[in-house]
Amino acid sequence: MIKADVGGWVGHSTVHPKQLELAKQKLQEAKEGGLIIDYFVFNAGDDLELLMTHTRGESDPEIHKLAWDTFVEVTEKVSKPLKLYGAGQDLLVEAFSGNVRGMGPGVAEMEIEERPSEPVVVFAADKTAPSAWNFPLFKIFADPFNTAGLVIDPKMHDGFRFEVMDTLENKVVTLDCPEEMYDLLALIGSYERYVIRRVWRKADNLLAAVASVTRLSLIAGRYVGKDDPVLIVRAQHGLPAIGEILEAFSFPHLVEGWMRGSHVGPLMPVSLRDAKCTRFDGPPRVVALGFQVHDGVLEGPNDLFADPAFNYTRRVAQIVADYIRRMGPFEPHRLPMTEMEYTTLPRVLERLKDRFAAVTA
Ligand code: F6R
Ligand code: MG
Ligand code: MG
């Protein structure tokens, strides 16, 4: 899965149908040429999402080039001529150098041996950051109140292993659950710094989940929009069931992002049709697409949040959005100062600098 925001229609709300069309055409050509087995092109808000299957392994230069070239072509042939908003926004460098990591696009790659049946859920979110997955990944793979299988299924009973990335220091640490659950929580509750990157089943090291961890602002050294993350989770037969995976999203937890990447708001699960950010450029949204993978073919998508079972969650998200919006520019709706470093706020504060006088009385 490789994704980028290469221009919005309109503003930062969603993508233009012609962007999707051209991206599909590029991946169809790659499929016919034999580079990839299958693909699915979609959008989450203003992010163009390229889901691809192939047999070339992770970080393959040809696959990354295909994604990069697709984003560039969509930018040049659609975003720029139509003057879509923020054309080519996430393409932070001029020339491709073998791997899109560190160049702007978000990546979640998973090298797996296909099981006799391989149900997979692909999540894509807009107006938030990779840390948005911390809460649901913990629920799915470590919380028995969410995932009954942790208690009931002997294959899951040993627990799961989490790889956590320190995005500031660019380091990783691996922690086992349930033994090190409190240590894991001590880290991943800090959304501004720690993000879960991968999860394995402890008993046999089976790779169960992979998330994108790109922090655009740390690459660019300035605010360039949020890193609207993606996540791939394998399901069933000794892994959490589809319903246990989705259950983690039944609570619209608060994430960072939303308007100007500077606010806290609820993550609302939506169908593909509703993957469009509107109110206050949000609220942050997530789509969940299910696929039965067979010999690399993506049988799907099954639009999993297109279900009245999530109406109540959406309703709560709307109430929470309404509540927190009343805080306007006040924390904790607006992010704390440390998190505003990469926004345009410091430039505003700079102007006040010389007006501060010493306290004399
Ligand atoms: C958030 C996002 C939008 C923009 C906002 C202002 O990730 O992309 O909320 O930050 O629409 O955009 P500009 O400054 O480009 O007018
Ligand atoms: Mg955008
Ligand atoms: Mg976006």
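## The magnesium ion (ligand 3)

Four aspartates, Asp46 (OD), Asp47 (OD), Asp126 (OD) and Asp228 (OD), coordinate the magnesium ion (ligand 3) at 2.0 to 2.2 Å. The structure described here is a predicted model. Along the sequence, the donor residues of the magnesium ion (ligand 3) follow the pattern D-D-x78-D-x101-D.

Asp46 is placed in the loop between E2 and E3, whereas Asp228 belongs to the loop between helix H6 (216-220) and strand E10 (230-234); the pair therefore ties together parts of the chain that are 182 residues apart in sequence. Both Asp46 and Asp228 are buried.

A distance of 4.6 Å separates the magnesium ion (ligand 2) from the magnesium ion (ligand 3), and Asp46 coordinates both.

His12 and Asp46 link distant parts of the chain, 34 residues apart. His12 lies in the loop between strand E1 (2-4) and helix H1 (17-32), and Asp46 in the loop between strand E2 (38-44) and strand E3 (47-53). The two residues can also be described by their accessibility. His12 has a relative accessible area of 26% and is therefore classed as partly exposed; Asp46, with a relative accessible area of 2%, is buried.

## Nonpolar cores

The largest nonpolar core contains 42 residues, of which Phe123, Trp133, Phe141, Phe160, Phe162 and Phe249 touch the most other members. Helix H3 (residues 134-142) supplies the largest share of this core, with five residues.

For Phe141, contacts beyond the neighbours within four places in sequence are made with Leu150, Phe160, Phe162, Val199, Ala208, Ala209, Val233 and Pro240.

## Thr313 in helix H8

Thr313 is located in helix H8 (residues 311-325). Its relative accessibility is 3%, so Thr313 counts as buried.

When neighbours within four places in sequence are set aside, Thr313 is in contact with Phe249, Ser250, Phe251, Pro252 and Pro269. One of these partners, Phe249, is also among the residues that touch the most other members of the largest nonpolar core.

Methods
Residues are numbered from 1 along each chain as its sequence is written. Chains are lettered from A and ligands numbered from 1 in the order in which they are written. This is a predicted model: local features need pLDDT of at least 70, side-chain atom pairs count only at pLDDT 80 or more; totals for chains, interfaces and linings use all residues. Side-chain values use heavy atoms; hydrogens and water are left out. A nonpolar core is a set of buried Ala, Val, Leu, Ile, Met, Phe, Trp, Tyr and Cys residues joined through side-chain atoms within 4.5 Å. Buried means under 20% relative accessible area, exposed over 50%, partly exposed in between (1.4 Å probe, protein chains only). Helices (H or I, at least four residues) and strands (E, at least two) are DSSP runs, numbered from the N terminus. Contact means heavy atoms within 4.5 Å. Donors are N, O and S atoms within 2.8 Å of the metal (3.2 Å for Na, K and Ca); water is not among the atoms, so sites may look incomplete.
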